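This report describes the ligand surroundings, the salt bridges and some local features of one structure. The sequence and the structure come before the details.

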Amino acid sequence: MKKLLITGGAGFIGSHVVRLFVNKYPDYKIYNLDKLTYAGNLENLRDVEEKPNYEFIKGDITDAKFIEELFSIHSFDGVIHLAAESHVDRSISNPLEFVITNVVGTVNLLNAARHIWLAPNSTIKNPRFYHVSTDEVYGSLGETGFFTEDTKYDPHSPYSASKASSDHFVRAYFDTYKLPAVISNCSNNYGSFHFPEKLIPLAIHNIKNKKPIPVYGKGENVRDWLFVEDHARAIDVIYHKGKTGETYNIGGHNEWKNIDLIRLLCKIMDEKLGRKEGESAGLISFVLDRAGHDLRYAIDSSKLQKELGWTPSLQFEEGLERTVDWYLANETWLNNVTSGDYKKYYEGQYVKRG
Ligand code: NAD
Ligand code: TYD
């Protein structure tokens, strides 16, 4: 049985990746390593937790000794690394935490993999270290153009700088030690189990509760949205078929200005909640812009599409509607993750920004 370590599997994207792999590959043992920070939640994985090929390990990737021991106990055949601090606004308030988790944590995993896989007596055949990253490492686009795999790195936020740094370390380990690694850089994801600090789930949560929807600046920034299950499928394809040492961009050719997206969401939710047309749009509240706010992200994923045959499966309107349905049907999940500290943090922010 192949042993695959997935880090950050209790988070948003990680939980979809764990679910896909546990269900699709009964001959793999999937180990989900997660610290369970505010963003990690085992409720995201209730439907797979009893499966015989799944095991949860609570642990911290920044603890080098623990990570080395874990690799020597389990001799993983592969790693899909998603664990990270992932929210740009939090990185602006606390950049060091992003360096420690995203950079040091990644280097700890690379070291442990190197020590096990590249040891002269290693019996592990064709191991693979898959680092999951973001398109934000490429910086910001103007009105036109797309990020390709050759676009120069130009991160602006502490979050994207920490992810860029971790990408560079992964490449350095491939170049220096021949650690068999592959990287993907994906655009903004949306879907179920998304923590409501990011734009789409935050807006759904606030529309539902008739609270202001904070739109930064004039809402003219553009993001390229991809359904999270399509990202998980891309990760499956790249993990199994991607070429060692390569990078693959993942995106849905689905660009939206924030304000247009929020208006569409308001329209969908007015219909679903039986509200008057335009009622939810009345909640839109333009607030202070994010410092260093990247104007536009847009991904050219033709390499992944042509070389590995992946394509996004869903139209945005359909994916967004499914996402709204999920949040409305999963009130307990939403209430649980928005209790306690969440209220203090986000309601404080509205006061400050509004
Ligand atoms: P998330 O914040 O929802 O989940 C991160 C997970 O990592 C959580 O379960 C958390 O508990 C865990 N974690 C954090 N620090 C840890 C530590 N020190 N040790 C062990 N576990 C730890 O993030 P996400 O949105 O699911 O993103 C997952 C990965 O995908 C990240 O690497 C992110 O940079 C990347 N990514 C995200 C997006 C997006 O749109 N969300 C797009 C492209 C790439
Ligand atoms: P976010 O979901 O935080 O993802 P990222 O910053 O990684 O792209 O934000 C998506 C876009 O929405 C981004 O342009 C910032 C904007 N935004 C708002 O306008 N209001 C909000 O409350 C949040 C969280 C984001």
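Which strand gives the largest share of the shell around ligand 1? The largest share, three residues, comes from E5. The model is predicted: local features need pLDDT of at least 70, side-chain atom pairs count only at pLDDT 80 or more, and totals for chains, interfaces and linings use all residues. Residues are numbered from 1 along each chain as its sequence is written, chains are lettered from A and ligands numbered from 1 in the order in which they are written, and side-chain values use heavy atoms, with hydrogens and water left out.

**Ligand 1**

Ligand 1 is surrounded by 29 residues, and the closest are Ile13, Asp34, Ser86, Tyr159 and Lys163. A residue is near a molecule or strand if one of its heavy atoms lies within 4 Å of it. Helix H1 (12-24), strand E5 (128-134) and H5 each supply at least two residues of this shell. Helices (H or I, at least four residues) and strands (E, at least two) are DSSP runs, numbered from the N terminus. By class, the shell around ligand 1 has 12 nonpolar, 13 polar and four charged residues. Here Ala, Val, Leu, Ile, Met, Phe, Trp, Tyr, Cys and Pro count as nonpolar, Asp, Glu, Lys and Arg as charged, and the others, Gly among them, as polar.

A polar side-chain atom of Ser86 lies 2.7 Å from an oxygen atom of ligand 1. The protein covers 97% of the 840 Å² of accessible area that ligand 1 has on its own. Accessible areas come from the Shrake-Rupley method with a 1.4 Å probe; for residues, only the protein chains shown count as cover.

**Ligand 2**

Around ligand 2 there are 17 residues, of which Glu136, Pro214, Arg223, Arg290 and His293 come nearest. The shell holds seven nonpolar, five polar and five charged residues. A polar side-chain atom of Arg290 lies 2.5 Å from an oxygen atom of ligand 2. Backbone N or O atoms also approach ligand 2 oxygen atoms: one of Leu199 at 2.9 Å, and one of Tyr216 at 2.9 Å. Of the accessible area that ligand 2 has on its own, 510 Å², the protein covers 97%. Helix H6 (199-208) and strand E8 (213-216) are the elements that give two or more residues to this shell, and the largest share, three residues, comes from E8.

**Salt bridges**

Side chains of opposite charge can pair when their charged atoms come close. The structure holds 18 salt bridges, each defined as a side-chain nitrogen of Lys or Arg within 4 Å of a carboxyl oxygen of Asp or Glu.

Glu279 is partly exposed, with a relative accessible area of 33%. Buried means under 20% relative accessible area, exposed over 50%, and partly exposed in between (1.4 Å probe, protein chains only). Salt bridges that share partners also join Arg90, Glu197 and Lys198 into one network.

Asp60, at 22%, counts as partly exposed, and so does Lys35, at 41%. A backbone N or O atom of Lys35 also lies 3.1 Å from a nitrogen atom of ligand 1.

**Loops and surface**

Ser75 has a positive phi of about 45° although it is not a glycine. Ser75 lies in the loop between helix H2 (64-74) and strand E4 (78-81) and is partly exposed, at 31%. Lys178 also has a positive phi, near 65°. The place of Lys178 is the loop between helix H5 (158-177) and strand E6 (181-186), and Lys178 is exposed, at 57%.

Pro52, in the loop between strand E2 (28-34) and strand E3 (54-58), is exposed, with a relative accessible area of 76%. Ser285 belongs to strand E13 (residues 284-287); its C-alpha atom is 6.0 Å from that of Val215, 70 residues apart along the chain.

Technical notes:
A polar contact is a pair of N or O atoms within 3.5 Å; within protein, one must be able to donate a hydrogen and the other to accept it, and residues adjacent in sequence count only if both atoms are side-chain atoms.
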